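Hi,

Here is the structure I promised to pass on.

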Amino acid sequence: MIMKKRELNNLLSRSLQFLHPKQHFSNSSHHPLPGLLPSDDDDTSHDSSLLLSHHYAFLRNALINSSTHSDDSSNDAVSMSNAIRTGFGSETRNFLRQFRGKLSESLVVEVMNLVKRPELCVEFFLWASRQIGYTHTPVVYTALIELLCCNEVHDRVSDMFLMQIRDDDRELLRKLLNVLIQKCCRNGMWNVALEELGRLKDFGYQASPATYNALIQVFLRADKLDTAYLVQKEMSNYGFLMDGYTLSCFAYSLCKVGRFGDALSLIEKEGFVPDTVFYNRMVSGLCEASRFEEAMEILDRMRSNSCIPNVFTYRVLVSGCLGKGQLGRCKRILSMMMTEGCYPNREMFNSLVHAYCKSGDYSYAYKLFKKMDKCGCQPSYLLYNIFIGSVCGNEELPGSDVLELAEKAYSEMLDSGLVLNKVNVSNFARCLCGAGKFDEAFKVICEMMSKGFIPDDSTYSKVIGFLCDASKVEKAFLLFEEMKKNGIVPSVYTYTILIDSFCKAGLIQQAHKWFDEMLRDGCIPNVVTYTALIHAYLKARKVFDANKLFQMMLIEGCKPNVVTYTALIDGHCKAGQIDKACQIYARMQGDMESSDIDMYFKLDDNDCETPNIITYGALVDGLCKANRVKEARELLDTMSINGCEPNQIVYDALIDGFCKTGELESAREVFVKMSERGYSPNLYTYSSLINSLFKEKRLDLVLKVLSKMLENSCTPNVVIYTEMIDGLCKVGKTDEAYKLMLKMEEVGCYPNVVTYTAMIDGFGKLGNIEQCLELYTGMCSKGCAPNFITYRVLINHCCSTGLLDEAHRLLDEMTQTYWPRHLSSYRKIIEGFNREFVISIGLLDELSENESAPVESLYRILVDKFIKAGRLEVALNLLEEISSSPSPAVANKYLYISLIESLSLASKVDKAFELYASMINKNVVPELSTFVYLIKGLTRVGRWQEALQLSDSICQMVCYTCSNFAKYKTTQG
């Protein structure tokens, strides 16, 4: 498409409005934990050590001997490189003779990498080539090229080095230049490859068949079919034929642009007999071009050539039809392939179910489950979540027949030992309640909770009647409704139970409706009713609403009690108003100086409620969470003075506070005092200590704490195991962390999503992506549903190791299972992960800055990676997906500009202008560099007149902007 002048001016005028100036411009002691750790002469330490060695012996050496070193270079390589660095004279040659029989590909490469100096590397390279029994391999040639190019792909090898090699051995130079061209092709640098081809010819050499094949492949990847044809013609003139893989790439590229006839002609000209794999590539290309009839024609051609279509042939056809929305054709192909004994794999069934669900054909989507059974392929965790999530993930409730299909799928899922993810549990229960199936909804919640599911706010809001009471939730809610239907007026006690339950579930608005209903019906709230609502508003940081309710309470003559004031203290702490919480406590103690909290003590100042153990516990916990642990420690002494004995909860909160601030000595003192008072450390206590010791990298003490814990018959739970696994990964002890995860399963403690995610992140940081993916598959097969953090970590590591297609698949999988896009839901997703872990993967800033779940940040990462890899079509598709989100498009400005640049440089100018137009329509301000690349793109395809027109328009736009800016400065002066 040639850009019309009117369209170009329109785009530029849209851009101009963005550019107008605005009107206004630990050092530790020898024994940091005495009292907790056994002394050297304590007999029990020997027993605990034996206990530790029996179960966790593999951790001992890793934790105590935490630093080991290995020599990466062989002794021979070091000796040879040291000699070569002194110069490559006769003395060096004589020295190297002793290594002639040891020369190998790895040794030569290692020596050159140690020497590094190009001129010496060339000398050594030539010397090695002359040794009997040794021949350079492509790996050696590549290593030399990288050294001669100073490790920069764009730097050329100096002619001086090439002539030096030629003068020594012409054949050696020919091979080197061919490897150099092939290397450029592998890196996608087709322009540099052409330059090196010219240099090869200037030296009087002819390219090898492998080089010609590499050149053709790089031009095909760059969508330069005409240039690939020219290389093929030159190759043919020299009597060379393309290899099968290159020819299949050529045929695929021709089919992809709809040139099926040209592909057949080329195959015939090359005299090549295609096999099934070859035909499959052609089918894939034709499907991308939406030439489905010709793709089906290939099936007949294959059979006529005694080449039977295999399962992959049909999978390519089905995938192509799915990509183009040809769902009716998919059904016919699926029937055909199964008739011929070819069966789709699990991934294809996932895609088929998702596609038919998306189109609303739930009946056929469910039939695919039965087809899977016939194929001997069991439906997976992902497939069930795709189907049930599709049925129940919309705001509109599904029809009874469709919901029945979801129930059948859910029943089959349970029989297979699989589970729904958190979001789909909530949606499924909501739909069941909407259909009046309260018993079934409650059963779903119980079944999922038995498998580790934790209900969140959304779940409570949808199945409110089942979560009002710890034991008989359904009966409590249904009884309440039944009471009202029968005309029985609920008592203040009944209302208070419901309001308190709703408040604890975070459903304050609904709780207040019940409160209003009480007042309307003449049921007078009591102090417990008021206290429950006040506490809930404070925890939600709605201080104004809480104060308003408190004043109403006083006006109605309802006197606050110690529970009310404790709720005020705890609520203000959770609302971030720790000073006000301290003032309330001080007034309870008789301090009359604080006037900011007078409103809470209007009835009788001389009869203040005395703080109890729960009051102190709330304030200690609040102070510790605010990192004011010294004040919390002083409060512990005050409790004892006032005759209020601290309990286990208070001690644990204080130990945890000191541990989180790194004050191990203070934590030890509290620990000793707690032990003296007869309180034994529990799982929470040990969890705080172990987590703190890992942060301080006191690995030796972790071992002793674990010994003490086992000695006291305190079995680690999943939280402690997870903290240890995460801590081991952070200090580079990933193998030991993995052994520990296997050990916890052996003793009956099963890893949760946080455990698996920490382990995946540990392997990912070591670059062991295969182990990451294996763990991910394992967690799903064991009924542990991945969450957003899991996907985030895994996608990041896939991108880091270049597995972009795998990262893309994971992103699709995550979005297909209906992860939420709203901040409130996203906050629930990160529950269970400690703050340091969330910070380490860059999520804390996104959580505080964005008003939507940062699913979009994963899109941005992938778009950027695909752009850098030159896969622009995939990048465009991903950008289109992210652009449909409600977040401001300006957040994707960098992606627009980067993609426009890449499209322009790839001579895809029309696509670049289309993207530019979309960018302007979304009110994204373009950069000046954007126009520069658009102009470059126009010149690359010879559209000089449009390039000049665009350049002239930009100049006028800049002049106009400068003029307005000068006027603005004048008026301001």
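First, the ground rules. This is a predicted model, so local features need pLDDT of at least 70 and side-chain atom pairs count only at pLDDT 80 or more, while totals for chains, interfaces and linings use all residues. Residues are numbered from 1 along each chain as its sequence is written, and side-chain values use heavy atoms, with hydrogens and water left out.

Helix pairs (helices are DSSP runs of H or I, at least four residues, numbered from the N terminus): α29 (residues 527–539) packs on α30 (residues 543–555) at about 165°, with the axes 7 Å apart. Axes here are lines fitted to C-alpha atoms over the stretch in contact, and angles run from 0 to 180 degrees between N-to-C directions. That angle makes α29 roughly antiparallel to α30 (the term covers angles over 145 degrees). The crossing is left-handed, i.e. the near helix is turned anticlockwise from the far one by less than a right angle. On the α29 side, the residues in contact (heavy atoms within 4.5 Å) include Tyr530, Leu533 and Tyr537; among their partners in α30 are Leu549, Phe550 and Met553. By class, this contact has 12 nonpolar residues, no polar and 1 charged (Ala, Val, Leu, Ile, Met, Phe, Trp, Tyr, Cys and Pro are nonpolar; Asp, Glu, Lys and Arg charged; the others, Gly among them, polar).

Helices α35 (residues 648–660) and α36 (residues 664–676) also pack at about 165°, with axes 8 Å apart. Their crossing is left-handed. Among the residues making the contact are Tyr651, Ile655 and Phe658 of α35 and Val670, Phe671 and Met674 of α36. The classes come to 9 nonpolar, 2 polar and 2 charged.

Now the cores, meaning sets of buried Ala, Val, Leu, Ile, Met, Phe, Trp, Tyr and Cys residues joined through side-chain atoms within 4.5 Å. The largest has 228 residues, and Phe124, Met282, Phe387 and Phe428 have the most contacts inside it. A second, separate core of 65 residues includes Phe502, Cys503, Tyr537 and Met674.

Most residues other than glycine have a negative phi. Lys116, in the loop between α5 and α6, has a positive phi of about 70° and is exposed at 56% relative accessibility. Ser290, in the loop between α15 and α16, has phi near 60° and is partly exposed at 38%. For those labels, buried is under 20% relative accessible area, exposed over 50% and partly exposed in between (1.4 Å probe, protein chains only).

Cheers

Notes. Helices (H or I, at least four residues) and strands (E, at least two) are DSSP runs, numbered from the N terminus. Angles under 35 degrees count as roughly parallel, over 145 as roughly antiparallel, 65 to 115 as roughly perpendicular and the rest as oblique.
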